[in-house]
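A reader new to this structure asks to be taken through one part of it carefully.

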Amino acid sequence: MGKERKLKILIADDSEMNRSILIDMLGDEFDFIEAENGKEALSILKKRSAEIDLLLLDIMMPEMDGLDVLRQMNASHEIVSTPVIVISAETDPDKIKEVYDLGVTDFIGRPFDEAIVWHRVTNTIMLFSKQKTLENKVIEQVVEKEKLSKMMINILGHIVEFRNQESGQHVLHIRTLTELILRHLSEKTKKKRAAGVRSGQSGNLSSPEGTGGLLFDLSEEEIAVISTAAAIHDIGKIGIPGEILNKPGRLTDEEFTVIKSHTEIGAAMLDALPAYQDEPLVRRAYEICRWHHERYDGRGYPDGLKGDEIPISAQIVALADVYDALTSERVYKKAIPHETAVQMILDGQCGQFNPELLECLREIEGTICEEMRRSEEREAALGKNGDDTVNLSREVLERKGLMISDRTLGLLEHERMKYRFFADMSEEVQFEFTLSPPSLMLSEWGAAYLGLDEVIMNPLQDPKVLKLANRKDIERLSAALRGTTPEDPIVKMDYCIRQNGGERWMKIIGRAIWAGSDSAEYQGAIGKMIDVHETRVKMAELEEMASHDPMTGLYNHRAAKIRIQNMIAERPDCRFALAIFDLDHFKQANDTYGHQFGDQVLIHMAQRLQRVVRAGTVTSRVGGDEFLLFLEYKEHVDLAINRIFNALMNGDYEQFHISVSLGVAKTDTVGKDYDTLFHAADQALYSVKRAGGGQFRFYDSSSSETLSAISPIDGCEENTGENGEKGE
Amino acid sequence: MTLEECYAALEGDYKEVVGRLRTERLVQKFVLKFLNDGSYDLLVTSMENQNYDDAFRAAHTIKGVGQNLSFNKLYKSSHLLTEALRNKNIEEAAPLYEQVKADYAQTVSAIRQYEASI
């Protein structure tokens, strides 16, 4: 059974009749996907682009018309990889031209003629698939050719290395370091240019020199040419007798002159090449061979060139050569550590270099060792320099307007499939927002969950979106995202949405998309939204449970303490009093009438307490029959305490006679530390107890040490005397 | 009633449609399918609700289908209605709408007779 994939056509037409006529006309050799409107078509395209071979597009459609679909496809470059045939009854030539300008391959007018539709569709598909195959062939051939020539150059370089008995990785190192410096220089230049353009716009007409230093932006291709040429910088050494080249001892002046001539020999060899004289690679190699021993101050050889007379390619290779010579082991010397080598070069111990290049060296110093190691690894792993070459040829091809291969599309499709699977499994609303054109894309699950479409154009004007979220919240999120930086683009916030008439809490984690690391232009955001409603409600419940005494519903001691500490901290200028009271003879209530009755008394007391205190007073059951209250006061707290005490004492509960003992401590007297306040109030309460109960009393620091020792009856203090007497 | 007679009754061009769609079977299939197309209902509701954007689209679709099936009479009137609605010329559209209604009724009645005879 032939399992050959059928070609797939996406038909976007709002009329079911029309779609079905087309499907019948085109017959069994194709697979079809149908879309009822532009939005649906676009959403299908975004998800399944790689498997769709052709889009048949109607212009007049609800939701989003065909022209908008084409515009979106242009914005996302989708139009380059998916051919489009427009079907329309349109006869206005201007309109038809507009459609062609939007990049469609063909136009079919109504009414459909079976033969015409079939032929146009097949032709278009064949054309595209041929083009794709050709592209892949071209890429493969360019890659193959690049690989061969690079390999040849490397072999040449290694011959020299071998003859030179530089068994290390000299050629590789020179190439790597040269490339590193070139890249860095090129990046710096780009930045300078950007800065230059900016200052130019602001009216400051600075000359290019005004921006300072080398202006040197290179394409990938030029960087590759120079660093490849660098591999044969010493090719002239082939012409030097081996016994001089590899003489272990010191060279005589004559011998040194012979060695020096390798620069000119190399240059002459290249000059004598019968062909390729105009090739950039040969030109660069010539410069490098001849002048990689020149120095910036004119003291190098063979021509004694000075400053910028020396081509930049040769200057860079000279620097790389010196660095590698220092850091490699040779017959006559040990390897010098990286830091020392860089310092020696910077100090001018190996001759003068262009200060700009030295600056470069300083700036990339930290990355050199790592890059060298990586390039050695790559070389060892590949054995063939496929990687870079592919990058290069791809770049070249893409610049010529060609496209990526089927294999890449396949991989992309695989990633999409994976992404969709995980997105659906995670039960998260995943979104992607782009500013221009303003659109919001939701994951399939997310769209279903929120009851929105997967693709929403102009989401900030969309009534369904605005029904779901407050405009204020959307603006808050937008402001937060715009407030991020490319270095720290993540935003987390909780967000309340309206759904099915209720409110739900969602947590949003978003990442702003910034274009370019330098200019940093906000382009939109991606992110996810997780339903945290249940968790949040549960947390609130748990918090409620954890902070309250289950029997009386008052705060428990822990929660009261936190509240009180917060109040003290929030209002540093206010005065507060903390009171603790308990029930006198409560044990009798339990013993006589049972614990259940005792509990009822406690509940009754809690209600009595809540009735009598003003709003803002913290009340709590500290434990057993002990209660706490905490209140703010202006001038005197005595009257308030007196009022509360009397109200608490007022009336019995069923057969049980209610009497309380109450101790008070004021922040004025003992300060604002909670534990000190509590302890002081407890001491005051204790002294009331010792005096027989049924009173209240303020804590007084002067008597604190003696409180528990003195006779409780004498313990009345300040002006609490009569008020503190047993009420009724 | 033959398909050709049906086309004569609805004032369409039978020869032309068979020329384009190649087989009588295909033409028959879509002619019968025309009875289930929702565009006419959409046109009527949209016109009643004075929703002229939707009415325009519905007229446009009827025109397209009419053209594809060579229902020439219906195609012509729906074409005129489409243009009037495109220009939001409601006064002009009113009589054209009546014409489309009449032509649609004629078309559907012819197809029903044909359907009953096969």
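What follows is one request and one connected answer.

Q: Please look closely at strand β3 (residues 54-58) of chain A: how many of its residues are buried, and with which strands does β3(A) pair? Please then go on from there to other parts of the model.

A: The model is a predicted one, in which local features need pLDDT of at least 70 and side-chain atom pairs count only at pLDDT 80 or more, whereas totals for chains, interfaces and linings use all residues. Residues are numbered from 1 along each chain as its sequence is written, and chains are lettered from A and ligands numbered from 1 in the order in which they are written.

In strand β3 of chain A, 5 of the 5 residues are buried, so the strand is largely enclosed by the rest of the structure (buried means 20 or more other C-beta atoms within 10 Å of a residue's own, exposed 12 or fewer, and partly exposed in between, with C-beta atoms placed from the backbone; strands are DSSP runs of E with at least two residues and helices runs of H or I with at least four, numbered from the N terminus).

β3(A) belongs to an open sheet of 5 strands, which follow one another in the order β2-β1-β3-β4-β5 of chain A with parallel pairing (two strands pair if DSSP finds at least two bridges between them). The edges of this sheet are taken by β2 (30-35) and β5 (106-109) of chain A, each of which pairs on one side only, and neighbouring strands are turned by 20° against each other on average, direction ignored. On one side, β3(A) pairs in the parallel sense over 4 bridges with strand β1 (residues 7-12) of chain A, and here A:I11 stands opposite A:L56. A parallel pairing over 4 bridges also joins β3(A) to strand β4 (residues 84-88) of chain A, where A:L55 is opposite A:V84. From β4(A) the sheet continues to β5(A), again in the parallel sense over 4 bridges, with A:S88 opposite A:G109.

Helix α3 (residues 66-75) of chain A lies across β1, β3 and β4 of chain A and runs at about 145° to β3(A) (axes are lines fitted to C-alpha atoms, for helices over the stretch in contact, and angles run from 0 to 180 degrees between N-to-C directions; residues are in contact if their C-beta atoms, placed from the backbone, lie within 7 Å).

Chain A also holds another open sheet of 5 strands, in the order β13-β14-β12-β15-β16, but here the pairing is mixed. Its edges are β13 (618-623) and β16 (696-698) of chain A, each with a single partner strand, so one side of each is left without a neighbour in the sheet. Within it, β12 (residues 575-583) and β15 (residues 660-666) of chain A pair in the antiparallel sense over 7 bridges, and A:D582 has A:S661 of β15(A) as its bridge partner. Helix α22 (residues 557-570) of chain A packs on this sheet, touching β12, β13 and β14 (626-633) of chain A, and its direction makes about 145° with that of β13(A). Helix α27 (residues 674-690) of chain A lies across β12, β15 and β16 of chain A and runs at about 145° to β15(A).

Helices of chain A also meet each other: the axes of α24 (residues 595-612) and α25 (residues 638-649) of chain A come within 10 Å and cross at roughly 145°. On the α24(A) side the contact is made by A:R608, A:L609 and A:V612, and on the α25(A) side by A:I644, A:A647 and A:L648.

Turning to the partner chain, 14 residues of chain A are in contact with 18 residues of chain B, and helix α1 (residues 16-26) of chain A gives the most to the side of chain A that touches chain B, with 4 residues. That side of chain A divides into 7 nonpolar, 2 polar and 5 charged residues (Ala, Val, Leu, Ile, Met, Phe, Trp, Tyr, Cys and Pro count as nonpolar, Asp, Glu, Lys and Arg as charged, and the others, Gly among them, as polar). The predictor gives the complex an ipTM of 0.80 and a pTM of 0.41.

Note on methods:
Two residues are in contact if their C-beta atoms, placed from the backbone, lie within 7 Å.
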